[in-house]
Amino acid sequence: MYNTIPLAEDLFYVGASNRRLSLFEGAYPVPRGVSYNSYLLIDGKTVLFDTADASVEDLFLENVERALGGRELDYLVVHHAEPDHSACVCRILERYPSAVVLASAKAIQMLKNFCGELPARSVAVKEGDTVSVGKYTLQFISAPMIHWPEVMFTYIPEREMLFTADAFGTFGALDGSVFADELHFERDFLSEARRYYFNIVGKYGAQVQSALKKLSDKPLSLVCPLHGPVWRSGFSSYLETYGKWSAYLPEERGVVIFYASVYGHTKNAAELLASALAAEGVREVRTYDVSVTHGSEMLAEAFRYSHAVFASVTLNAGIFPAMEQLINELKAHNFQNRKYAIIENGSWAPQAGALIEAQLSALKNTEKVGETVKMISALSEQGAADLRVLAKNIADDVCGKI
């Protein structure tokens, strides 16, 4: 049974959620599922903005048919050619063969690669192009690398509506309402928005900043991403957060501690440091075992906070593998503008600390706080004292005392 949702005059939500998906893109856990958003505009011409993932194809097609109300589809706008949004393009064009595809030139080529030949009535649009569909005008905005090179946005100035592809998206299925102001966004979606951004889009901060500049002079009454809630109020706060994320600026003053421990001694040091930080007045402290926490969550937390501590045992004269993987992910996603500290453990030939520092110190605008706390096998009284000194150094930096 169809489930179309009116969003505004002449605009309907025709997407669907998938709550059975375990891994988004085969990589990121989505315990609360994910939504695949699609929108239908009814004007002098009818316009479908993107399709949906194959997993929700049947409901999506029924939604489109119902929202059209017997009319033909005139335009299909493809903002992003990734299959979680374009998997139903071929089916839509089979059902509505007169529909004209509007997409960037790169997107049209990608769609041909995925679907085979598209109809001759495919039109490549570029930055600044417009299409009148009746009362409304589609204005196209190029937004490459958010997060593929073919991506574009569509703005409708008459209604101050913006369709943003993967920008401003989040993990998480939609429950009931699709509007952010009715879904307790900060409580239920902000952490998933952060994890989505830094894992899916975050490597391309410069490109996001460029796109945000293009939006700076546009009034926005309705913002429609391809995943997650639709924004009709309160968007300025989320936009400000997005600005911080894309500039690689800390969202919060606080400390995230990542530890790799084999027999519990490095874990003990990490937890003692966390307690010492709290005693020094740091209110935002998070501690993660890198061996059991998914990398997507740790990546998001590393970018969330101003300070990070890496506590690792040495294994085979190197960094513990799970810790090394985390550091590699941070490097790949342009980790920068952060303070860091290091705890090293090793029963013989400890080297993890020096190896970690060599990688982190090479990143843009990173700075070490305090001396590396060195452990031999287990934490000693001297080691515990060193941790308290490190906690004082970090806390003073976090709280602006130095």
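**A strand pair and a helix, explained**

Visitor: Which residue of β7 is the bridge partner of F12?

Guide: The bridge partner of F12 in β7 is L40. This is a predicted model, in which local features need pLDDT of at least 70 and side-chain atom pairs count only at pLDDT 80 or more, whereas totals for chains, interfaces and linings use all residues. Residues are numbered from 1 along each chain as its sequence is written, and side-chain values use heavy atoms, leaving out hydrogens and water.

Visitor: What makes β2 and β7 a pair?

Guide: Strands (DSSP runs of E, at least two residues) pair if DSSP finds at least two bridges between them; β2 (residues 11–13) and β7 (residues 39–42) are joined by 3 bridges and run antiparallel, so they meet that definition.

Visitor: Why is one side of β1 and of β11 left without a neighbour in the sheet?

Guide: The open sheet has 7 strands in the order β1-β2-β7-β8-β9-β10-β11, with mixed pairing. Because β1 (5–8) and β11 (122–124) stand at its edges, each has a single partner strand.

Visitor: Which residues of α11 are buried, and why are they said to lie on the same side?

Guide: M323, L326, I327 and L330 are buried, that is, under 20% relative accessible area (1.4 Å probe, protein chains only). They cover an arc of only 95° around the axis, which puts them on the same side of α11.

Technical notes:
Buried means under 20% relative accessible area, exposed over 50%, partly exposed in between (1.4 Å probe, protein chains only). Helices (H or I, at least four residues) and strands (E, at least two) are DSSP runs, numbered from the N terminus. The arc is that of the directions from the helix axis to the C-beta atoms.
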